[in-house]
Amino acid sequence: MNLTLHLTENCNMDCSYCIREKYPKDMSEEVLYKACDLAFARGKHAGLCFFGGEPLLKKDLIYKALDYCEAKSKETGIPFECKMTTNGTLLDEKFLERAVKANLGIGISFDGKAQDVCRFFVGGKPTSSAVEEKTKLLLSYMPDSSALATIAPSAVPYYAESVRYLHDLGFKKLSFVIAYGNRVNWTDSDLELLREQLELTASYLKELFEKGEKFFLSPINTKITDCIRGKNSAERCHLGVRQMPVTPDGDLYPCTSFIGDEKYLMGNVFDGIDESKVIEMAKRSATPETCKGCDLVKRCTNSCGCANRMNTGDENKVSPLQCTYERMLIEISDALGEELYQIDPERFAKFFM
């Protein structure tokens with residue numbers, strides 16, 4: 001079973017678009033070990049994602065979880081995998097040595113050239129120089145690590161430039177998502193500029209392809225791959241099935257944006273999971289009624305209950321923002337895919353199939 005452990009609700013950064021309320025609440029060792037046991041108790045593998053707040057504020061808990069789960073995997077024969085999302089500012093060589101040993105996948109939240117537009121330390125100090133330094137350290141130990149960028153409206157002008165910058169730093173895998181929630185306000189002009197930036201980014205990906213350089217940028221690469229493989233993008237989100245968050249108190253919810261809403265409490269690490277609620281939630285993770293007549297229904301991530309909830313307050317209702325964004329993504333990704341195929345069909349197949 002895959003669990004996301006919210007090791008703390010505290011953070012050393014204060015990002016303008018963050019939807020998480022920050023306060024000094026940490027997971028106890030008792031909850032940690034119970035969560036580890038639950039991960040091993042269901043399914044044929046155990047997976048943990050260390051999350052927060054900022055998980056590296058609780059390095060001690062990460063070390064304990066890795067030691068415990070590695071021993072449990074050896075004892076049970078159940079494979080164990082782990083990953084972490086971090087702002088990167090607290091990375092150090094000791095931690096990275098342990099991460100390499102555990103094969104801990106690390107995604108660093110880094111908005112590239114827009115880092116100082118939205119991402120600040122508590123108190124307002126900019127973070128770009130510190131994160132760039134830690135990024136270089138991270139990639140020296142773990143060159144396959146990913147950069148995770150969140151693009152708020154104020155960061156849109158830096159989108160294409162940020163892709164280039166992060167690639168030049170050494171990242172081979174990037175994930176760019178737009179900021180959602182009540183702390184951001186997208187306008188039509190923001191979305192028009194976003195289209196321009198996506199088109200510039202597609203041109204850059206074409207340059208890399210022509211050089212024979214394999215580079216992954218989600219969501220563009222994902223849209224191309226899903227199209228040629230015939231995958232249904234709308235089925236990617238399965239609330240409470242693929243990855244279930246665990247709060248510092250040990251409560252279980254279907255996704256991060258649902259935390260604290262008692263209607264969606266799925267159980268806890270001490271008493272276990274309420275299977276009836278899992279089944280009920282799985283039924284809700286379907287294409288919204290308003291999307292079923294759309295020609296792009298299978299190409300769009302319309303069933304992401306977390307994004308829908310943040311934008312409309314209803315996990316089954318897609319916002320106009322999400323719809324517009326998905327449409328432009330699909331259009332630009334399809335055009336790029338066609339261009340790359342025409343350049344070199346054989347290499348295109350190796351990259352995307």
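This is a predicted model: local features need pLDDT of at least 70, side-chain atom pairs count only at pLDDT 80 or more; totals for chains, interfaces and linings use all residues.
Visitor: Which residues of helix 11 are buried, and what covers them?

Guide: There's a whole set of buried ones, including Leu321, Tyr325, Leu329, Ile332, Leu336 and Leu340. Gln322, Glu326, Ser333 and Gly337 are buried too. The cover includes strand 6 (173-178), helix 7 (188-210), helix 8 (220-229), helix 10 (305-312) and helix 12 (345-352).

Visitor: Why is arginine 299 called buried?

Guide: Its relative accessibility is 14%, and buried means under 20%, so arginine 299 counts as buried. You'll find arginine 299 in the loop between helix 9 (275-284) and helix 10.

Visitor: What makes the pairing of the arginine 299 and aspartate 334 side chains a polar contact?

Guide: The distance is 2.8 Å, and the cut-off for such a pair of N or O atoms is within 3.5 Å. That makes it a side chain to side chain polar contact.

Visitor: Where do helix 3 and helix 5 meet?

Guide: On the helix 3 side, look at Glu93, Leu96, Glu97 and Val100; on the helix 5 side, at Leu137, Leu138 and Tyr141. The contact residues split into 5 nonpolar, no polar and 2 charged. The axes of helix 3 (residues 93-102) and helix 5 (residues 128-141) come within 10 Å and cross at roughly 35°, and the crossing is right-handed.

Terms used:
Residues are numbered from 1 along each chain as its sequence is written. Side-chain values use heavy atoms; hydrogens and water are left out. Axes are lines fitted to C-alpha atoms, for helices over the stretch in contact, and angles run from 0 to 180 degrees between N-to-C directions. Helices (H or I, at least four residues) and strands (E, at least two) are DSSP runs, numbered from the N terminus. A crossing is left-handed if the near helix is turned anticlockwise from the far one by less than a right angle, and right-handed if clockwise. Contact means heavy atoms within 4.5 Å. Ala, Val, Leu, Ile, Met, Phe, Trp, Tyr, Cys and Pro count as nonpolar, Asp, Glu, Lys and Arg as charged, and the others, Gly among them, as polar. Buried means under 20% relative accessible area, exposed over 50%, partly exposed in between (1.4 Å probe, protein chains only). A polar contact is a pair of N or O atoms within 3.5 Å; within protein, one must be able to donate a hydrogen and the other to accept it, and residues adjacent in sequence count only if both atoms are side-chain atoms.
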